[in-house]
Amino acid sequence: MYDYDLLVVGSANADLVIGVERRPAAGETVLGSDLSVHPGGKGANQAVAAARLGARTALLARIGDDAYGRLLLDSQRAAGVDTVGVLVGGAPTGIALITVDPSGDNSIVVSPGANGRLTPGDVAAAAGLFHASRVVSAQLEIPLETVTEVVRSLAPDSRFVLNPSPPRPLPAEVLAACDPLIVNEHEAKVILGEAGGGDEPEEWARLLLAKGPKSVVVTLGPRGALVASADGVERVAAVKVDAVDTTGAGDSFTAALAWKLGAGAPLAEAAAYAARVGAVAVTRRGAQESFPTAAEVEAR
């Protein structure tokens, strides 16, 4: 019996958000809205999103001993996330500078701060959390060597989900553990590198699968998603909504997918549910504040 449905290993940032009429070109200054501060970071976002849906969730992350760190801890606990794995100190809390335009599209610059100090040793010291977790999810806002140690720390029967964002080439050991590897178009092309992949996401998925993951999910924004495994490639329809803010949408998708897979759902079914969760999230502003409960997803 697992104590947790999902263990998230990853980043915890304070999101500093400004609305803009349009994103500035090089050398250009534009005026924006008042600054708003929100709890964020891909790891912290995924943990809150999963907990809101009802998953028993834990977070392994590192924050600074500062006001932003306390904001993040409060947000995790309010959502019901177990913060026993959240380490404090070593550097200031990570910061994400986010501009959001009227269409809801965003541009993000991240200062990793304490996230860059989450080490393989921290992962090894948290062995008890890994053996208590049915599914483990990670991203790349923490050091790649730390993600590699996550793979080595997995319990024999647990499942590993990776969203390689921000993208970079991945070692074979990490790719082989992914079930699934979750990528958008940009991330897919970075990981494929010179392998290319043409213009069709089905081709990207097959080429990514050939690199070693047990399964692959390619998210396509308003065009939905597709899933690929040894059973073949399948499209998942988009849920049409009027997007207000896409910040955190990918994190809510990944969290929902990981939780559903841990509950035994087939990959396509889990991706369809995750698409519904992401669709609710983009109709609201902010990252963690936008994540729905299971009841809100069913109502949609």
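Begin by selecting leucine 257. Apart from neighbours within four places in sequence, leucine 257 is in contact with Pro180, Ile182, Val217, Leu267, Ala270, Ala271 and Ala274. Keep in mind throughout that this is a predicted model.

**The nonpolar cores**

Which residues touch the most other members of the largest nonpolar core? Select Leu53, Leu59, Val217, Val227, Phe253, Leu257 and Tyr273; the core they belong to has 45 residues. Several elements each supply at least two residues of this core, among them strand 1 (4–9), helix 1 (42–53), helix 2 (67–79) and helix 9 (249–262). Helix 10 (267–281) is also one of these elements, and the largest share, 9 residues, comes from helix 10. In soluble globular proteins, nonpolar side chains tend to be buried together.

Now select Ala126, Val136, Leu154 and Leu192. They are included in a second, separate core of 40 residues.

**Helix 9 and helix 10**

Show helix 9 and helix 10 together. Two packed helices are described by the angle between their axes and the distance between the axes. Here the axes come within 8 Å and cross at roughly 145°, and helix 9 passes helix 10 in a right-handed crossing.

To see the contact, show side chains on both helices. On the helix 9 side, the residues include Phe253, Ala256, Leu257 and Trp259. On the helix 10 side, they include Leu267, Ala270, Tyr273 and Val277. The residues of this contact divide into 14 nonpolar, 2 polar and 1 charged.

In what order do the 9 strands of the open sheet lie? The order is 5-4-1-8-9-10-11-12-13, with mixed pairing. At the edges are strand 5 (82–88) and strand 13 (232–236), each of which pairs on one side only. From one strand to the next, the twist averages 15°. Strands of a sheet pair through backbone hydrogen bonds, either parallel or antiparallel.

Select strand 1 and strand 8 (residues 133–139). These two pair in the parallel sense over 5 bridges, and leucine 6 stands opposite valine 135 in strand 8. Bring back helix 1, which lies across strand 1, strand 4, strand 8 and strand 9 (159–163). Helix 1 runs at about 160° to strand 4.

**Serine 137**

Stay on strand 8 and select serine 137, which is found there. Is serine 137 buried or exposed? Serine 137 counts as buried because its relative accessibility is 0%, and the cut-off for buried is under 20%. Not counting residues up to four places away in sequence, serine 137 touches Leu6, Leu7, Val8, Val9, Gln46, Val161 and Thr254.

Finally, select strand 11 (residues 215–219). It is mostly covered, with 4 of its 5 residues buried. Leucine 181 stands opposite valine 216 in strand 11.

Strand 11 and strand 12 pair in the antiparallel sense over 5 bridges. The bridge partner of valine 217 is valine 227 in strand 12. Both valines are among the residues that touch the most other members of the largest nonpolar core.

The last stop is the turn. Strand 11 and strand 12 form a hairpin with 5 residues between them. Glycine 221 in this turn has a positive phi of about 60°.

How values were computed
Residues are numbered from 1 along each chain as its sequence is written. This is a predicted model: local features need pLDDT of at least 70, side-chain atom pairs count only at pLDDT 80 or more; totals for chains, interfaces and linings use all residues. Side-chain values use heavy atoms; hydrogens and water are left out. A nonpolar core is a set of buried Ala, Val, Leu, Ile, Met, Phe, Trp, Tyr and Cys residues joined through side-chain atoms within 4.5 Å. Buried means under 20% relative accessible area, exposed over 50%, partly exposed in between (1.4 Å probe, protein chains only). Contact means heavy atoms within 4.5 Å. Axes are lines fitted to C-alpha atoms, for helices over the stretch in contact, and angles run from 0 to 180 degrees between N-to-C directions. A crossing is left-handed if the near helix is turned anticlockwise from the far one by less than a right angle, and right-handed if clockwise. Ala, Val, Leu, Ile, Met, Phe, Trp, Tyr, Cys and Pro count as nonpolar, Asp, Glu, Lys and Arg as charged, and the others, Gly among them, as polar. Two strands pair if DSSP finds at least two bridges between them.
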